[in-house]
Amino acid sequence: MKSTLFRLSLSLLTLTFTTSVLSAETCDIDLAKKVYGICAACHGQPDTENPPLGPSLKGLFGRESGTLSGFIYSVAMEKAEITWDEDSLNTYLEAPMTVVSGTSMAFAGIRDEHQRKNLICWLANFEQRKQDSTN
Ligand code: HEC
């Protein structure tokens with residue numbers, strides 16, 4: 001009985017652990033950059049002010065969806081009212097066109113959770129890392 005409970009709590013722990021977002025120290029930067037290559041075609045680099053197709057991802061974390069001034073969003077994105085953070089990005093990037101039905105972001109999504117989490121981890125720490133590397 002005891003060991004069953006122990007095993008149960010262990011598996012719960014693993015579950016919590018794998019669903020939490022990776023910290024800066026543990027994100028796989030090489031993998032993230034590879035995955036970001038798809039985004040870059042439209043968004044440029046994460047700090048590009050005026051990307052070729054999509055809105056700038058600069059200052060993305062904490063921003064509400066569809067609110068960057070100067071970019072013409074779809075009505076769907078303007079109405080989505082998502083605050084961009086690790087969790088909401090994880091949901092959105094898995095299936096953008098389903099999560100925000102009617103979005104003009106013509107991208108099927110990243111099915112692989114490991115790739116998504118590392119991408120988000122890298123994005124979340126992009127500004128900080130840039131500051132660190134110029135210091
Ligand atoms: C084919 C071009 C294209 C690709 C590829 C693409 N995006 Fe987008 N993205 C857009 C467009 C266009 C919008 C605006 C969507 C709208 O208004 O409905 C957008 C919107 C977004 C938003 C919402 C931003 C805001 O200001 O609310 C996020 C976040 C985002 N993209 C992240 C990504 C990431 C991360 C990737 C790569 C995994 C990616 N996108 C790939 C074109 C693209």
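**Exercise 1. Where does Thr83 lie, in a helix or in a loop?**

Solution. Before starting, note that this is a predicted model, where local features need pLDDT of at least 70, side-chain atom pairs count only at pLDDT 80 or more, and totals for chains, interfaces and linings use all residues. Residues are numbered from 1 along each chain as its sequence is written.

Step 1. Thr83 belongs to the loop between α3 and α4. Helices here are DSSP runs (H or I, at least four residues), as strands are (E, at least two), numbered from the N terminus.

Step 2. Thr83 has 12 C-beta neighbours inside 10 Å and therefore counts as exposed. The scale is this: a residue is buried if 20 or more other C-beta atoms lie within 10 Å of its own, exposed if 12 or fewer, and partly exposed in between, with C-beta atoms placed from the backbone.

Step 3. Leaving aside residues up to four places away in sequence, Thr83 touches Gly62, Glu64 and Ser88. Contact requires C-beta atoms, placed from the backbone, to lie within 7 Å.

**Exercise 2. Work out how α4 packs against α6.**

Solution. Step 1. The axes of α4 (residues 86–94) and α6 (residues 113–124) come within 10 Å and cross at roughly 135 degrees. That angle makes α4 oblique to α6. Angles run from 0 to 180 degrees between N-to-C directions, and axes are lines fitted to C-alpha atoms, for helices over the stretch in contact. Angles under 35 degrees count as roughly parallel, over 145 as roughly antiparallel, 65 to 115 as roughly perpendicular and the rest as oblique.

Step 1. On the α4 side, Glu86, Leu89, Asn90, Leu93 and Glu94 meet Arg116, Lys117, Ile120 and Ala124 of α6. By class, the residues of this contact are 4 nonpolar, 1 polar and 4 charged. Ala, Val, Leu, Ile, Met, Phe, Trp, Tyr, Cys and Pro count as nonpolar, Asp, Glu, Lys and Arg as charged, and the others, Gly among them, as polar.

Step 2. Leu89, Tyr92 and Leu93 are the buried residues of α4. Seen down the axis of α4, they fall within an arc of 90 degrees, so they line one face of the helix. Their cover includes α5 (96–99) and α6.

**Exercise 3. Now treat α2 and α6 in the same way.**

Solution. Step 1. The axes of α2 and α6 come within 8 Å, crossing at roughly 95 degrees. This makes α2 roughly perpendicular to α6.

Step 1. Ile29, Leu31, Ala32, Val35 and Tyr36 of α2 make the contact with Gln115, Asn118, Leu119, Cys121 and Trp122 of α6. The classes come to 8 nonpolar, 2 polar and no charged residues.

Step 2. Asp28 sits in the loop between α1 (2–19) and α2 (29–43). Asp28 is partly exposed, having 17 other C-beta atoms within 10 Å. Its C-alpha atom is separated by 8.4 Å from that of Cys121, 93 residues apart along the chain.

Methods: Two residues are in contact if their C-beta atoms, placed from the backbone, lie within 7 Å. The arc is that of the directions from the helix axis to the C-beta atoms.
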